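Welcome! Take a moment to look over the sequence and the model below, and then let us walk through some of the details together.

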Amino acid sequence: SSVQQQADEALVEQNAIVFGLLELCGIKVVGHPGYEAEDVIGTLAARAPGRVAIVSGDRDLFQLVRDPTVSVLYPRRGVSVVDTVDEAYIQERFDIPGRAYRDYAVLRGDSSDGLPGVRGIGEKMAASLVRRYGSLDAIVSAAGDGEGIALGRVRRDRDYIERAVKVVSIPTDLPLPEVDLTRPRALSKDSVRSVAQGYGLANAVTRLITALESGPRRA
């Protein structure tokens, strides 16, 4: 088998171990065949009855931000420096409306996702288009017969935009089963630590248990 196949097989084995330890800690593991973690997160965030904080270094998830219910805790330096991403953060950081991140990302591109962006459109031009027209649909519509360099570039790369929207858009309606995501309070700590010790994960699991038992911090 290839190096990639060997890596994939090792990852599957490691995932099974990690998922098993999480289950022992009372933490539910949720997934859906054929979809990525961000798609599951999008669905759970939309379904949640109260406020949601998504912890992730994936900027794609900024498109889920909705004041005041959904924010993203975005690590900038390990877990010691974390930005709280709400609509005001998006407006200040990217100079676009707070709910327009997906459309902005499609135009600008994102190398971490393999999105090249519209050729010749960078951050400033992408932000300007989104501010002026309000949405990607409106931008593409205006590009149909609009004048100017930016709209001409959008018109030229319309096929890319259609493909990119499908790649970037996070679904919020996967048919996930109902699951109780309430954080566990009572843990069988000795049995969890015993299993973790066998995999050389005792320190990590001890930190997890400590975090679970510490309760929410109050401001």
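## A salt bridge to start with

Aspartate 157 and arginine 119 meet through their side chains in a salt bridge, with 2.6 Å from N to O. Where do the two partners lie? Aspartate 157 sits in the loop between α7 (149-156) and α8 (158-168), and arginine 119 in the loop between α4 and α5 (123-133), so the pair ties together parts that are 38 residues apart in sequence. Please keep in mind that this is a predicted model.

Is aspartate 157 buried or exposed? Its relative accessible area is 5%, and because anything under 20% counts as buried, aspartate 157 is a buried residue. Aspartate 157 also has a salt bridge with arginine 156, where the side chains meet at 3.1 Å, N to O. Arginine 156 has 41% relative accessibility and counts as partly exposed.

How many salt bridges does the count come to? The count comes to ten salt bridges. One of them joins lysine 189 and glutamate 213, whose closest N and O atoms are 3.3 Å apart. Lysine 189 belongs to helix α9 (residues 189-198) and glutamate 213 to helix α10 (residues 202-214), so this pair ties together parts that are 24 residues apart in sequence. Lysine 189 is partly exposed at 32% relative accessibility, and glutamate 213 is partly exposed as well, with a relative accessible area of 40%.

Some salt bridges share partners, and in this way Arg59, Arg108 and Asp110 are joined into one network.

## Arginine 108 and its surroundings

Arginine 108 is found in helix α4 (residues 101-108), and with 12% relative accessibility it counts as buried. Its side chain makes a polar contact of 3.3 Å with the side chain of tyrosine 101.

Which residues touch arginine 108, leaving aside its neighbours within four places in sequence? Arginine 108 is in contact with Arg59, Phe94, Tyr101, Pro116, Gly117, Ile121, Gly122, Glu123 and Ala126.

## A hairpin of two strands

Now to the strands. Strand β2 (residues 70-77) and β3 pair in the antiparallel sense, over five bridges. Within this pairing, valine 72 stands opposite valine 85 in β3. The two strands, β2 and β3, form a hairpin with three residues between them, and glycine 78 in the turn has a positive phi of about 55°.

In a regular strand the side chains alternate between the two faces of the sheet.

## Backbone details to look for

Where does a cis peptide bond occur? A cis peptide bond joins aspartate 67 and proline 68, with omega at about -5°. Proline 68 is placed in the loop between β1 (52-55) and β2.

Another backbone detail is at aspartate 95, whose phi is near 60°, a positive value in a residue other than glycine. Aspartate 95 lies in the loop between α3 (87-94) and α4, and at 44% relative accessibility it counts as partly exposed.

## A buried valine and a surface patch

Valine 192 is located in helix α9 and is buried, with a relative accessible area of 1%. Which residues does valine 192 contact, leaving aside its neighbours within four places in sequence? They are Leu21, Leu24, Cys25, Val205 and Ile209. Valine 192 and leucine 24 are 168 residues apart in sequence, while their C-alpha atoms are 6.1 Å apart in space.

Valine 29 is placed in the loop between α1 (3-24) and α2 (37-47). Valine 29 is partly exposed, with a relative accessible area of 33%. Together, Val18, Phe19 and Val29 make a nonpolar surface patch of about 220 Å².

How values were computed
Residues are numbered from 1 along each chain as its sequence is written. This is a predicted model: local features need pLDDT of at least 70, side-chain atom pairs count only at pLDDT 80 or more; totals for chains, interfaces and linings use all residues. Side-chain values use heavy atoms; hydrogens and water are left out. Helices (H or I, at least four residues) and strands (E, at least two) are DSSP runs, numbered from the N terminus. Buried means under 20% relative accessible area, exposed over 50%, partly exposed in between (1.4 Å probe, protein chains only). A polar contact is a pair of N or O atoms within 3.5 Å; within protein, one must be able to donate a hydrogen and the other to accept it, and residues adjacent in sequence count only if both atoms are side-chain atoms. Contact means heavy atoms within 4.5 Å. A salt bridge is a side-chain nitrogen of Lys or Arg within 4 Å of a carboxyl oxygen of Asp or Glu. Patches are made of residues with over 30% relative accessible area and no salt bridge: like charges are joined within 9 Å, nonpolar side chains (Val, Leu, Ile, Met, Phe, Trp, Tyr) within 5 Å. Accessible areas come from the Shrake-Rupley method with a 1.4 Å probe; for residues, only the protein chains shown count as cover. Two strands pair if DSSP finds at least two bridges between them.
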